[in-house]
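Hi,

Here is the structure for your files. My notes follow below it.

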Amino acid sequence: MTRTAHPKKEIETALKHAEAEGWRVEVGGSHAWGKIYCPYNDDECRCGEFCIASVWSTPKNPGSHAWAIRRVVDKCSTHKRRDEAEPED
């Protein structure tokens, strides 16, 4: 099932990046447009603090919000640890 696209193109691009990294995007919520969920949900992953992130529908600065979403995805400590453990071909 496909999800609804985010109305801000910068944020939609960041959400596609998150999905490509295995994160789940769920649309809906009380105040947020949706949330993104880490695929690992690991207890050691920064105490689970960044395993869920809210996606706002109309942020004051869409570019900054998109950057913040990418930062959460790219800084996932479990993902980094797994990448470092994989041998290079």
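The buried residues of H2 are Pro62, His65, Ala66, Ile69, Val72 and Val73. Buried means under 20% relative accessible area, with a 1.4 Å probe and protein chains only. These residues lie on the same side of H2, because they cover an arc of only 120° around the axis; the arc is that of the directions from the helix axis to the C-beta atoms. Their cover includes H1, E2 and E3. Helices (H or I, at least four residues) and strands (E, at least two) are DSSP runs, numbered from the N terminus.

This is a predicted model: local features need pLDDT of at least 70, side-chain atom pairs count only at pLDDT 80 or more, and totals for chains, interfaces and linings use all residues. Residues are numbered from 1 along each chain as its sequence is written, and side-chain values use heavy atoms, leaving out hydrogens and water.

The largest nonpolar core has 17 residues. Such a core is a set of buried Ala, Val, Leu, Ile, Met, Phe, Trp, Tyr and Cys residues joined through side-chain atoms within 4.5 Å. Ile11, Leu15, Trp23, Ile36, Val55 and Ile69 touch the most other members. Helix H1 (9-20), strand E3 (52-55) and helix H2 (62-74) each give two or more residues to this core.

E3 has two faces. Ala53 and Val55 are on the covered one, Ile52 and Ser54 on the uncovered one. Strand E2 (residues 34-37) runs antiparallel to E3, joined by four bridges. Strands pair if DSSP finds at least two bridges between them. Ala53 is the bridge partner of Ile36.

Best wishes

Methods
Buried means under 20% relative accessible area, exposed over 50%, partly exposed in between (1.4 Å probe, protein chains only). Contact means heavy atoms within 4.5 Å.
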